[in-house]
Amino acid sequence: MTAPDVHEDVRGRPQATERRLHPVTPFRRAWAPVAVLFGWALHDPDQAQRQLTRLTTTTLLLGLAVLVPAAALYGFLSWWFTRFAVTDSELRIRTGLLFRRTAHIRLERIQAIDVTQPLLARVAGVAKLKLDVIGADKKDELAFLGAGEARALRAELLARAAGFAPETAHEVGEAPSREMLRVPPGVLAVSLLLTGATWGWLVVAAVALPLLWTATHSLWTVLAAAVPMLGAAGASSVGRFVTEYDWTLGESPDGLRIDHGLLDRAHETVPPGRVQTVRLVEPLLWRRRGWVRVELDVAGSSNSLLLPVAPRELAESVVARVLPGVSVPPREALLRPPRRARWCVPVWWRGYGLTVTDAVFAAHRGLLRRSLSLVPHAKVQSVRLVQGPWQRARGVADVVVDTGANKSVEASLRDAAEAAALLRSQAERSRTGRRDARPDRWMS
């Protein structure tokens with residue numbers, strides 16, 4: 001990618017030339033007015049049907065003759081007035097047809113840039129850039145750019161965020177990646193079949209739908225209940241298979257690279273040093289095969305999945321790459337709650353556990369679906385002790401640590417004296433951990 005042309009403003013400062021999105025973008029945006037009509041029809045189908053029956057063929061054709069050009073004009077104008085530019089310190093995105101909006105994204109606050117290609121975008125050879133920025137509630141995006149231009153722009157922005165000079169950032173190119181792990185489609189399919197959510201919804205449907213038919217004898221009522229149940233079962237099996245297909249994890253200087261998707265391909269990056277929590281999730285039916293799922297909480301990013309399924313040994317080696325110096329504590333190292341905690345949470349109290357090492361605060365929960373959460377001490381923002389009246393009567397309390405991803409990890413049903421000591425010691429560990437931690441930097 002060549003360096004963008006620049007010109008000088010009235011004060012003599014160099015300004016980057018603004019660029020437009022790919023010419024295919026108007027076709028995507030032209031659907032907006034049509035989508036509004038469809039949304040209204042779905043919201044009030046009876047009123048929409050009544051209005052439709054009143055229209056004659058001539059009126060309907062005239063309406064389409066107006067709607068289609070109007071939608072095309074809207075798509076073209078919204079594309080024409082959308083521009084972006086990369087300056088020395090920020091990415092500037094101008095949008096808006098009637099009401100103008102300019103987003104100024106400072107390069108040093110960019111945490112991750114994902115490249116996604118929906119199915120039709122892959123056919124058209126274009127891609128979408130999604131930017132994770134510190135302090136932003138949602139991702140800003142550039143949709144669409146040519147596939148090659150999107151990857152080149154991503155590499156340039158990451159190089160700028162890493163501190164490369166503007167005149168050399170476009171020459172850095174995309175950092176090389178080394179493949180660490182690829183999830184075979186067969187393993188992914190079997191893991192989804194062994195997930196309890198899919199079978200749970202199917203069992204609920206098999207029991208509830210016949211009872212509903214017996215009570216109402218209404219086919220529409222049964223269908224209205226069946227669609228969301230079967231949809232939930234499909235989302236937890238077929239939907240996840242399509243999304244997590246060909247999951248590939250790679251390592252590069254700018255973070256961990258994740259590529260996945262059967263229809264819509266996504267190219268995501270987990271920034272180094274921004275991971276706040278790692279969770280190893282172990283469903284009941286996965287245990288005989290030794291599989292786990294690795295989830296993440298990342299500050300300033302919506303990426304929440306690192307591995308959909310992997311052998312535990314491989315997953316632990318990946319965790320060691322995500323959290324340098326951290327090893328996953330064995331189950332034998334977990335300290336269980338005192339027996340009197342059974343009066344607070346019968347049966348399930350056995351699923352809670354805690355261990356604190358020199359590197360992490362590790363909390364375990366769950367009997368059927370086990371989950372082990374690892375929080376590095378340097379990532380703990382605050383520590384709280386929570387004790388309800390029933391817990392106070394039984395002499396137990398919960399210790400909660402809050403992270404920079406606005407998430408919490410809870411060590412439940414600890415002895416009250418142990419919880420108070422843990423509160424003080426964890427606060428000290430967090431202070432020393434932040435003091436000694438390496439700075440979060442790109443390509444470090």
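The questions and answers below go through one predicted model, from the whole chain to single residues.

Local features need pLDDT of at least 70 and side-chain atom pairs count only at pLDDT 80 or more, while totals for chains, interfaces and linings use all residues. Residues are numbered from 1 along each chain as its sequence is written, and side-chain values use heavy atoms, with hydrogens and water left out.

User: How many helices and strands are in the protein chain?
Analyst: Both are DSSP runs numbered from the N terminus: helices are H or I with at least four residues, strands are E with at least two. On that basis the protein chain has 13 helices and 22 strands.

User: What percentage of the residues in the protein chain is buried?
Analyst: Buried means under 20% relative accessible area, exposed over 50%, partly exposed in between (1.4 Å probe, protein chains only). The protein chain has 444 residues, and the buried share is 41%.

User: What share of the contacts with a separation of 6 or more comes from residues 24 or more positions apart?
Analyst: A contact means heavy atoms within 4.5 Å. Among contacts in the protein chain with a separation of 6 or more, residues 24 or more positions apart account for 53%.

User: In what order do the three strands of the open sheet lie?
Analyst: Strands pair if DSSP finds at least two bridges between them. The pairing here is antiparallel, and the order is E20-E21-E22. The edge strands, each pairing on one side only, are E20 (380–386) and E22 (408–415).

User: What angle does the direction of helix H13 make with that of E20?
Analyst: Angles run from 0 to 180 degrees between N-to-C directions, with axes fitted to C-alpha atoms, for helices over the stretch in contact. H13 (residues 416–436) packs on the sheet and touches E20, E21 and E22. Its direction makes an angle with that of E20 of about 170°.

User: How do H8 and H10 run relative to each other?
Analyst: H8 (residues 185–193) and H10 (residues 219–244) pack at about 155°, with their axes 10 Å apart. Angles under 35 degrees count as roughly parallel, over 145 as roughly antiparallel, 65 to 115 as roughly perpendicular and the rest as oblique. H8 is therefore, relative to H10, roughly antiparallel.

User: Which residues of H10 make the contact with H8?
Analyst: H8 contributes Pro185, Leu188, Ala189 and Leu192. From H10 come Ser236, Ser237, Arg240, Phe241 and Glu244.

User: Why is strand E18 largely enclosed by the rest of the structure?
Analyst: E18 covers residues 360–365. It is largely enclosed because the buried residues number five of the six.

User: Which residue of E19 is the bridge partner of His364?
Analyst: On one side, E17 (residues 353–356) runs antiparallel to E18, joined by four bridges, and Gly353 is the bridge partner of His364. On the other, E18 pairs with E19 (residues 370–376) in the antiparallel sense over six bridges. In E19, the partner of His364 is Leu372.

User: Which residue in the turn between E18 and E19 has a positive phi?
Analyst: E18 and E19 form a hairpin with four residues between them. A phi of about 105° belongs to Gly366.

User: Is Ser371 buried or exposed?
Analyst: Ser371 lies in strand E19. Beyond four places in sequence, Ser371 touches Arg279, Leu280, Val281, Ala363, His364 and Arg365. Its relative accessible area is 11%, so Ser371 is buried.
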